[in-house]
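Hi,

Here is the structure I promised to pass on. Have a look at it first, and then read my notes below.

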Amino acid sequence: MDARELLMLRMLRLIRKLRLDRILRVGRPAYAFTDYFKGMEKVEAVKRIFGDKTEEVLRNLKVEFTWIGGYMWVDSRKGHLMINTNYLNKGDKIDIYLDLIHELVHTRQFLQGRELFDEQYSYIDRPTEIEAYRHAVEEARRIGLPDERTCQYLKTEWMNKQDLQKLAATLKVNCIRNNN
Ligand SMILES: [Zn+2]
C-alpha cells in the first residue's frame, strides 16, 4: 500500500467514525417504554421498585434502541433505557426480563439523582449495581429460577471468575457449580 492509499484509508475511517458519531448523537429516536413493554406496571417486582409512582414513572420512561453496546443500560444523561436491538431480538427471554428489573432499579436511582457509573467502585462493588442485582435476583427466586441458572444470568463477559464469585456471594447466589 502506498502513501496515497494509506491516506485514503485513513480518511474513509474518519468519515465512518464521524457518521457513527452523528448517528449516536442525533439519529436515534426515543420511544415510550410502555409501547414496548406492556403490563410491566403490573409486575410486583416493578411495583416494589417504584411504589405508587410505578405507572407514572413507566409512562414517562423513554427507550432507545441501538446496535452498539451490550444488553441494556440506563443513559446517565437523559435517563433513557438503552437496549441493544440484537439482544432484544435474540437474547434469552428470562435474561431480558431480569435485565429489565435490574435497569428499572437504575431508572429509580437516576430519578433520585444518584451517580450510576461511580468510577470509584469496581462494577461488582458499586452500590447502584448491587442494589439493581438484588432486585433481579429476588425476582429470579420468585419465578423459581435455580441458583445455577441465576448464576448463568449473572455471568457476563466483563466479569472474570473471581468477580462472579464475589458478586454471587454478595447476592447469596450459589455459583459453586458454575465455576468454569
Ligand atoms: Zn446495572
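Let's start in a loop: the one between β2 (62-66) and β3 (72-74) holds Tyr71. Keep in mind that this is a predicted model. Tyr71 isn't a glycine, yet its phi is positive, at about 50 degrees. Tyr71 has 17 C-beta neighbours inside 10 Å, so it counts as partly exposed.

Lys172, in the segment after α9, is another non-glycine with a positive phi, this one about 55 degrees. Here the count is 10 C-beta neighbours inside 10 Å, so Lys172 is classed as exposed.

Now the helices. α6 and α7 have axes that come within 8 Å and cross at roughly 140 degrees, so the two are oblique to each other. Their crossing is right-handed. The residues of this contact split into 7 nonpolar, 5 polar and 2 charged. On the α6 side you'll find Leu98, Ile101 and Val105 among them, and on the α7 side the list includes Ala132, Tyr133 and Ala136.

Then there's α8 (residues 147-154), where Asp147, Thr150, Cys151, Tyr153 and Leu154 are buried. They span an arc of only 155 degrees around the axis, so they sit on the same side of α8. What do these buried residues pack against? Three helices show up as partners: α6 (93-111), α7 (127-142) and α9 (161-170).

Cheers

Technical notes. Residues are numbered from 1 along each chain as its sequence is written. This is a predicted model: local features need pLDDT of at least 70, side-chain atom pairs count only at pLDDT 80 or more; totals for chains, interfaces and linings use all residues. A residue is buried if 20 or more other C-beta atoms lie within 10 Å of its own, exposed if 12 or fewer, and partly exposed in between; C-beta atoms are placed from the backbone. Helices (H or I, at least four residues) and strands (E, at least two) are DSSP runs, numbered from the N terminus. The arc is that of the directions from the helix axis to the C-beta atoms. Two residues are in contact if their C-beta atoms, placed from the backbone, lie within 7 Å. Axes are lines fitted to C-alpha atoms, for helices over the stretch in contact, and angles run from 0 to 180 degrees between N-to-C directions. Angles under 35 degrees count as roughly parallel, over 145 as roughly antiparallel, 65 to 115 as roughly perpendicular and the rest as oblique. A crossing is left-handed if the near helix is turned anticlockwise from the far one by less than a right angle, and right-handed if clockwise. Ala, Val, Leu, Ile, Met, Phe, Trp, Tyr, Cys and Pro count as nonpolar, Asp, Glu, Lys and Arg as charged, and the others, Gly among them, as polar.
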